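Work through the exercises below with the sequence and the coordinates open. Each task is followed by a solution in steps.

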Amino acid sequence: MIRNISSQKFLPEAFLWSLMAMSALALTYQLRWFFPFLWDYTNGFGTTVRLVEFIVQLASNSVYLLVCYLLISLLRRFKTIGYFDNSSLTVCKQIAWSCIGLGVLGSVMAIARNLSEVHWNDWTNFIAVANLGFRTVTQILFFKEPQTMYFLVGVLLFIIHDFTGKALAVRSENESFI
């Protein structure tokens, strides 16, 4: 099998640019529908749940754009110097925080969409609150609309950040001996 080295270097960045374009397009459409909804909402026709969904979708696509931009800058930096440096570690940490932010935004949207399934009248004592709280969190956030992947990717990136930071410290220590 023949490997084309130039396509291997081009494909990840092209993929990220296409994701960035799709996210910008989705952001454009969401803004297009948000302003008429906001007009109806201020006149008393919209619902608060739908307003939360719009705001979370706009924020999520903005974070997607940020993550794509950070990944493109990280790839370009890696292509020029061939390894991660301290500025790359900063970008990696920003991406990790963005992933955790996406998980929180997704959780807020899942809760807003499924707020009717929360049985508010049954929250009478501590045992009922604990039982219904656990049931609601597990059913909505883990089974119905799981958001755990964003949190796992964020934690993984924090682990990579710490490992790379230690590797850079060892590398600079080794260079000081030479």
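**Exercise 1: an aromatic pair**

Phe54 counts as buried, because its relative accessibility is 5% and the cut-off for buried is under 20%. The model is a predicted one.

Task: Find the aromatic pair that Phe37 and Phe54 form, and classify it by distance and angle.

Solution. 
1. Searching the whole structure gives 5 aromatic pairs.
2. In the pair of Phe37 and Phe54, the centres are 5.0 Å apart and the planes make an angle of 40°.
3. The centres must lie within 6.5 Å, and planes under 30 degrees apart would be stacked, over 60 edge-to-face; the pair of Phe37 and Phe54 is therefore tilted.
4. Phe37 lies in helix α1 (residues 5-42) and Phe54 in helix α2, 17 residues apart, so the pair links distant parts of the chain.
5. Phe37 has a relative accessible area of 12% and is therefore buried.
6. Phe34, Phe35, Phe37 and Phe54 make up one aromatic cluster.

**Exercise 2: a residue of helix α2**

Task: State whether Leu70 is buried or exposed, and list which residues it touches beyond four places away in sequence.

Solution. 
1. Leu70 sits in helix α2, which covers residues 48-81.
2. Its relative accessibility is 7%, so Leu70 is buried.
3. Leaving out residues up to four places away in sequence, Leu70 touches Val91, Gln94 and Ile95.
4. For Val91, the separation from Leu70 is 21 residues in sequence, while the C-alpha to C-alpha distance is 6.4 Å.

**Exercise 3: cysteines**

Task: Count the disulfides, and say which cysteine sulfur is nearest to that of Cys99.

Solution. 
1. Two cysteine sulfur atoms within 2.5 Å are required; the count is 0 disulfides.
2. Cys99 is in no disulfide, and the nearest cysteine sulfur, that of Cys92, is 9.3 Å away.
3. Cys99 has a relative accessible area of 9% and is therefore buried.
4. Cys68 is buried too, because its relative accessibility is 7%.

**Exercise 4: the largest pocket**

Solution. 
1. By type, the lining splits into 6 nonpolar, 5 polar and 2 charged residues.
2. Helices α2 and α3 (86-113) each contribute at least two residues to this lining.

Terms used. Residues numbered from 1 in each chain as written. Predicted model: local features only at pLDDT ≥ 70, side-chain atom pairs only at ≥ 80, totals over all residues. Heavy atoms only, no water. Helix = DSSP H or I, 4+ residues; strand = E, 2+ residues; numbered from the N terminus. Buried < 20%, exposed > 50% of the residue type's maximum accessible area, 1.4 Å probe, protein only. Contact = heavy atoms within 4.5 Å. Nonpolar A, V, L, I, M, F, W, Y, C, P; charged D, E, K, R; others polar. Phe/Tyr/Trp six-rings, centres within 6.5 Å; stacked < 30°, edge-to-face > 60°.
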